[in-house]
Amino acid sequence: LPAQRPGFSLKGKQVWSSCDVSRFRLRLESYKRDKRKGVSKASYYDAIGVDLLSTTTRLDHVARFINFETFRQDYLKGDEKSWRHGLPAFFVVNFQLPLYEPSIWGASDGPGVSLVFYFRLTREGIRMAQEEKGPSLLLKRFCGAAGVSGRAESEIHSRWKNIVHINNKDTLNLSFVTKNLVQQFSGKPFLTRSKKHIFRTESYLEVDINQHTSNYVKKRTVFNLKEHLASMSLDVGFLVEAQEENEMPERLIGSVTLKGLDYERHAVDVEWNRIVTPS
């Protein structure tokens with residue numbers, strides 16, 4: 001099997017960096033009473049790489065082809081080398097984005113790219129997991145409910161939340177309709193209703209978000225924005241939505257800044273989806 005390092009496709013491209021978590025406003029302890037949000041505190045994971053992979057069909061479970069060992073710090077080694085207090089050492093998010101013209105009749109697969117984010121559990125993340133408080137217990141429930149089959153069947157998996165800030169949205173040359181849609185979702189948390197797969201191993205947890213199954217409006221927006229991607233500056237964050245008071249405050253899993261990412265120039269063609277593995 002191919003065994004690549006996280007971020008191999010964008011090595012030397014300088015198109016991603018760590019993100020300032022204060023860019024994100026999340027639900028506070030008192031949110032159920034007063035709807036207040038505040039600046040995010042430290043996340044559980046730090047970014048260690050981003051990949052942009054071009055495929056003829058949807059690519060599931062990218063991490064089975066990735067070697068994380070060179071990114072394993074001493075505090076993540078030992079007899080329990082992969083999970084710490086209910087959290088995986090590495091967390092992977094695989095956005096599966098279609099590149100074909102969307103149709104109102106829908107499509108579940110076809111040519112596209114996988115925008116893959118790789119995160120590593122931090123010392124602070126381990127400390128928070130040890131505290132056994134609401135936010136860490138929520139994330140542990142999310143991770144613990146994932147089986148090895150890839151199916152995201154648990155209720156808590158429907159709480160996966162994304163936040164995308166388009167930092168330069170006002171300077172992009174967008175159509176009127178697309179600009180209005182961008183204004184609506186930029187910086188606003190949104191739950192991922194698309195079909196998800198979650199893969200759990202002794203080394204990592206991977207969340208695959210299948211945008212091929214999104215509704216027509218969302219796919220049309222993504223299709224219209226792809227030509228502007230290279231001009232965009234994006235702050236992207238991931239978390240599990242806190243709904244009950246004993247699950248708050250919300251806490252980021254991880255976040256990344258993307259700038260100048262060009263799917264036509266930077267995406268690496270892979271045919272890993274033709275390889276049969278025990279995934």
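This is a predicted model: local features need pLDDT of at least 70, side-chain atom pairs count only at pLDDT 80 or more; totals for chains, interfaces and linings use all residues.
**Aromatic pairs, a cavity and a pocket**

There are 10 aromatic pairs in this structure.

Take one pair first. Phe 91 and Trp 160 have ring centres 6.0 Å apart and planes at 15 degrees, so they count as stacked.

Next, Phe 117 and Phe 238. This aromatic pair is edge-to-face, with 5.3 Å from centre to centre and 65 degrees between the planes. It too links distant parts of the chain, with Phe 117 in strand β8, residues 112-121, and Phe 238 in strand β14, residues 233-240; the separation is 121 residues. Both of these phenylalanines are buried.

The two pairs belong to one cluster. Ring pairs join Tyr 45, Phe 91, Phe 95, Phe 117, Phe 119, Phe 142, Trp 160 and Phe 238. There is also a charge over a ring to mention: Arg 200 lies over the face of Trp 83, 4.4 Å from the ring centre.

Now the chain as a whole. It has six helices and 16 strands. Of its 279 residues, 55% are buried. Among contacts with a separation of 6 or more, 77% are between residues 24 or more positions apart. The accessible surface comes to about 13100 Å², and carbon and sulfur atoms account for 49% of that.

How many cavities of 30 Å³ or more does a search of the whole structure find? The search finds one. The space in this largest cavity is about 70 Å³. Its lining includes Tyr 44, Pro 135, Leu 138, Leu 139, Leu 239, Val 240 and Glu 247. Pro 249, Glu 250, Arg 251 and Ile 253 are also part of the lining. Two elements, α3 (134-144) and β14, each supply at least two lining residues. The largest share comes from α3, with three residues.

Helix α3 also holds Ser 136. At 2% relative accessibility, Ser 136 counts as buried, because the cut-off is under 20%. What does Ser 136 contact, leaving aside its neighbours within four places in sequence? The contacts are Tyr 44, Met 128 and Ala 129. Of these, Tyr 44 is also one of the residues lining the cavity. Ser 136 and Gly 86 are 50 residues apart in sequence, and their C-alpha atoms are 9.1 Å apart in space.

Last, the largest pocket. Its volume is about 860 Å³. It is lined by 34 residues, and those nearest its centre are Val 164, Phe 185, Phe 190, Val 222 and Leu 225. Which elements each supply at least two residues of this lining? They are β7, β8, β10, α4 (176-185), β11 (190-191), α5 (216-225) and β14. The largest share is from α5, at five residues.

Some of these elements have come up already. Strand β14 supplies at least two residues to the lining of the cavity, and at least two to that of the pocket.

Terms used. Residues are numbered from 1 along each chain as its sequence is written. Side-chain values use heavy atoms; hydrogens and water are left out. Helices (H or I, at least four residues) and strands (E, at least two) are DSSP runs, numbered from the N terminus. Buried means under 20% relative accessible area, exposed over 50%, partly exposed in between (1.4 Å probe, protein chains only). Contact means heavy atoms within 4.5 Å. Accessible areas come from the Shrake-Rupley method with a 1.4 Å probe; for residues, only the protein chains shown count as cover. Rings of Phe, Tyr and Trp (its six-membered ring) pair if their centres lie within 6.5 Å; planes under 30 degrees apart count as stacked, over 60 as edge-to-face and the rest as tilted. A charge sits over a ring if NZ of Lys or CZ of Arg is within 6 Å of the ring centre and within 35 degrees of the ring normal. On a 1 Å grid over the protein atoms alone, a cavity is a set of points where a 1.4 Å probe fits but cannot get out, and a pocket is an open set with protein on both sides within 12 Å along at least five of seven lines; lining residues have an atom within 4 Å of a point. Grid points are joined across faces, edges and corners, and a volume is the space filled by probe spheres set on the points.
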